[in-house]
Amino acid sequence: HTRSVSAFLLNLSSDLRLNKIMADWFTIIVVILLVIALIVTNIYVLAYFCHPDDKGSCLGWVMKVIVIIGLTLSWIQVLLLPLDVSNHRTFGGGLNMKLFWYIIYILTIIYILVISPISSSYYEADPSWSIKEKITHSLCWFFIYFAFFLLITIILYASIGKADIPIKGITCNYLEGTQNSYSEFNSLDNCQSVDGDIQVKVNFLIYAIAVLLFVSWLLFAFFGGIGLAAVPIDLFCAFKKRPKHMKSKEIDRRKTILLKNVEELRLLGQEVKRLEEKGDNKRFKLSSKRRNYDRKYSQFRAGYMLIDEEYKIVNAGQEARKKGNCVIVFYYLLIPLGILAMICTLLWIIQFVCSYFIRKNGRPGYPFLARMYIFLNDHHCAFLSFLIFSLLSLYLLLCVIKGNFKFGVRFLCCWEIFPMKKDGTYMNSFVFNTTLILLASCSITQFCADCLEDYVAFTDINIIFNVQIRYLKFFKFFYKYHIFQYILFAVFVISLIYLLIRPSDSINKVLKNSPGVRI
């Protein structure tokens with residue numbers, strides 16, 4: 001009888017493992033197809049936004065390949081999490097996910113510290129320089145970024161590169177002269193729980209990932225919080241400002257305002273040109289004259305972008321007056337997109353509250369999205385669970401880009417913007433936004449693994465994030481008290497209030513606050 005039961009359990013285990021491996025291959029196929037679809041989307045985005053000057057040049061093509069590689073790395077990093085979950089659910093799968101994660105993060109570090117600074121510096125170098133001078137300039141910037149990161153990482157790793165992992169020990173008293181059964185041995189009267197820490201020296205790669213994550217969290221907590229509020233509000237504002245049937249007097253009035261703004265922008269452009277002739281744009285980055293130039297140049301770019309947007313709205317209004325509603329019907333798609341963005345933001349905020357404000361015994365009080373993902377996986381709807389997770393995760397990446405752009409337009413003195421404009425986006429803007437997305441994807445992956453703790457249990461990424469990096473000396477303070485997560489929530493609340501009061505970007509504020517512009 002015992003032999004037959006053992007055979008039954010062995011066959012059951014084999015069947016479960018076989019089904020698990022089949023499920024893993026299904027998830028792998030879905031991930032591959034989705035990555036291919038995203039690569040095609042990346043190519044279309046490049047073709048749509050790319051400036052004509054970069055479309056035929058050899059350097060432009062090299063930069064395009066770099067952008068596609070960076071975006072693909074960010075997509076893969078986010079999409080590997082549900083694959084890791086599928087691979088380790090129940091009995092585990094046959095994929096070495098830890099190796100996959102290490103490869104992805106090694107490539108991410110190489111891209112951020114090597115490829116991005118070299119390519120951007122070479123592209124932005126003075127056109128009058130020789131190839132040798134451009135290469136020397138690029139290598140100097142690469143050496144600065146790489147040496148700073150490596151120096152900080154080596155110093156911290158050599159001094160505090162250990163993780164204090166908490167453990168719970170149980171000691172039980174042995175009663176002499178009695179027959180200690182299993183129930184007596186595990187009785188609460190005879191056993192005591194002892195809490196302590198075990199110190200583990202992590203490898204250098206894990207520590208380098210931890211340093212990268214720290215920087216990534218700073219960007220995600222700030223720009224992600226702004227973007228969570230800005231994405232749905234901007235979509236509804238774009239619909240509100242859509243081209244409408246305007247009377248001749250309204251069109252003339254808006255044209256008059258637009259001409260005045262164009263004249264202000266022209267004066268600002270002359271000021272920027274004057275500073276370039278003085279050589280302020282070639283000075284050291286932290287010098288006062290260089291910062292003054294960068295501020296005015298950012299104001300010029302933001303003003304041009306907003307004026308161009310207003311011109312398109314007025315021009316579309318004229319076309320609608322002549323041809324009818326077919327010209328402006330596209331803008332009505334912004335309503336469902338705005339509603340979808342609002343739902344995504346609301347879901348993440350609910351998950352945030354359930355994970356970090358409602359806690360029981362150090363764990364999320366109610367695993368909102370995690371319970372939904374587990375329910376879908378357990379009821380043969382893993383594909384739907386994967387799609388929902390991918391949508392919500394990629395939405396966070398969109399929020400980071402929107403937050404960066406929104407902050408740059410509103411506070412030009414503090415941050416340079418790299419806007420995306422149809423047939424008007426240079427490759428340095430693409431590389432900057434790609435690097436920002438790739439860097440933010442690291443903290444987004446950790447954020448999902450942390451607030452969806454029940455969903456990612458027993459996965460390799462959970463061991464990397466929530467066991468090793470989470471308890472590293474110095475870093476554990478930020479993760480133990482969820483400092484970055486609370487900053488993210490605080491920035492979201494402040495941004496939501498601010499954008500509800502001032503939802504639209506003002507052309508006049510961007511231009512009239514520029515020093516040296518005479519109106």
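At 31% relative accessibility, Ile350 counts as partly exposed; a residue is called buried under 20% relative accessible area, exposed over 50% and partly exposed in between, with a 1.4 Å probe and protein chains only. Ile350 lies in helix H9, residues 334-357, where helices (H or I, at least four residues) and strands (E, at least two) are DSSP runs numbered from the N terminus. The C-alpha atoms of Ile350 and Leu369 are separated by 8.8 Å, and these residues are 19 apart along the chain. The model is predicted, so local features need pLDDT of at least 70 and side-chain atom pairs count only at pLDDT 80 or more, while totals for chains, interfaces and linings use all residues. Residues are numbered from 1 along each chain as its sequence is written, and side-chain values use heavy atoms, with hydrogens and water left out.

Next comes the packing of two helices. Helix H2 (residues 58-88) and helix H12 (residues 427-451) pack at an angle of about 10 degrees, and their axes are 9 Å apart. An axis is a line fitted to C-alpha atoms, for helices over the stretch in contact, and the angle runs from 0 to 180 degrees between N-to-C directions. This makes H2 roughly parallel to H12, because angles under 35 degrees count as roughly parallel, over 145 as roughly antiparallel, 65 to 115 as roughly perpendicular and the rest as oblique. Contact means heavy atoms within 4.5 Å. Among the residues that meet are Gly60, Val67, Trp75 and Leu81 in H2, and Met427, Phe430, Ile437 and Ala449 in H12. The residues of this contact divide into 15 nonpolar, seven polar and one charged. In this grouping Ala, Val, Leu, Ile, Met, Phe, Trp, Tyr, Cys and Pro are nonpolar, Asp, Glu, Lys and Arg are charged, and the others, Gly among them, are polar.

The cysteines may be considered next. A disulfide is a pair of cysteine sulfur atoms within 2.5 Å, and by this rule the count comes to zero. Cys451 is in no disulfide, and the nearest cysteine sulfur, that of Cys448, is 5.7 Å away. Cys451 is buried, with a relative accessible area of 2%. Cys354 is also buried, at 10%.

How many salt bridges are there? The count comes to eight, a salt bridge being a side-chain nitrogen of Lys or Arg within 4 Å of a carboxyl oxygen of Asp or Glu. The side chains of Asp234 and Lys402 form one of them, at 3.0 Å from N to O. This pair links distant parts of the chain, with Asp234 in helix H6 (residues 204-240) and Lys402 in helix H11 (residues 382-410), 168 residues apart. Asp234 is buried at 14% relative accessibility, whereas Lys402 is partly exposed at 22%.

Helix H7 (residues 248-278) holds both Glu263 and Arg266, which are three residues apart and therefore separated by about one helical turn. Their side chains meet in a salt bridge at 2.5 Å, N to O. Glu263 is partly exposed at 36%, and Arg266 is partly exposed at 42%.

Glu271 forms a salt bridge with Lys296, and the closest N and O atoms are 3.0 Å apart. Here Glu271 in helix H7 is linked to Lys296 in helix H8 (residues 288-323), 25 residues apart. Glu271 is buried at 11%, and Lys296 is buried at 5%. Finally, salt bridges that share partners join Asp164, Lys473 and Lys476 into one network.
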